[in-house]
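Reader: I have a sequence and a structure to look at. Please show me how to read the features inside it.

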Amino acid sequence: DFFKRQGSEYIDSLEPTYKTCISCVTCSATCTAAQFTDFSFRKVLLLIRRGDLSVADEIKKCMLCGKCTLVCPRGVNTRNVVLSIKKAVNHFNL
């Protein structure tokens, strides 16, 4: 519960567009990492919202190519969300 609450708030403080994601999966259609792994930005956000600590392993799959940011219909800076999650993982020593 601690990471669920604190982790989400921490990520939101670094990238406010994080909470505007509606999990439409548009980003996954262009995701380079998803072509080679089972990576999904939607899955990462779900893990964060659940407070699931396995997000630390999942986020390592992202290649930070930024294609997802270009296609997001809600204007979510997905690349910066990923970087913010990585900072949160380090901040909370996960």
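Reader: Which residues touch the most other members of the largest nonpolar core?

Author: A nonpolar core is a set of buried Ala, Val, Leu, Ile, Met, Phe, Trp, Tyr and Cys residues joined through side-chain atoms within 4.5 Å. Here the largest such core has 26 residues, and Phe 41, Ile 48, Val 55, Val 81 and Ile 85 touch the most other members. Two or more residues come from each of α1 (2-14), α4 (41-50), α5 (55-58) and α7 (78-91). Helices are DSSP runs (H or I, at least four residues), numbered from the N terminus. This is a predicted model, in which local features need pLDDT of at least 70 and side-chain atom pairs count only at pLDDT 80 or more, while totals for chains, interfaces and linings use all residues. Residues are numbered from 1 along each chain as its sequence is written, and side-chain values use heavy atoms, with hydrogens and water left out.

Reader: What does Val 55 touch, not counting residues up to four places away in sequence?

Author: Contact means heavy atoms within 4.5 Å. With that sequence limit, Val 55 touches Phe 3, Val 44, Leu 47, Ile 48 and Ile 85.

Reader: Is Ser 40 buried or exposed?

Author: Buried means under 20% relative accessible area, exposed over 50%, and partly exposed in between (1.4 Å probe, protein chains only). Ser 40 counts as buried because its relative accessibility is 16%. Ser 40 sits in the loop between α3 (32-36) and α4. Not counting residues up to four places away in sequence, Ser 40 touches Ser 28 and Glu 58.

Reader: Where is Cys 31?

Author: Cys 31 is in the loop between α2 (26-30) and α3. With a relative accessible area of 13%, Cys 31 is buried as well.

Reader: How many cavities of 30 Å³ or more does the structure hold?

Author: On a 1 Å grid over the protein atoms alone, a cavity is a set of points where a 1.4 Å probe fits but cannot get out; lining residues have an atom within 4 Å of a point. Grid points are joined across faces, edges and corners, and a volume is the space filled by probe spheres set on the points. The structure holds two cavities of 30 Å³ or more.

Reader: What volume has the second largest cavity?

Author: Its volume is about 100 Å³. Of its 14 lining residues, Cys 21, Cys 24, Val 25, Cys 27 and Cys 72 lie nearest its centre.

Conventions. 1 Å grid on protein atoms, 1.4 Å probe; cavity = no way out; pocket = protein on both sides within 12 Å on 5 of 7 lines; lining within 4 Å.
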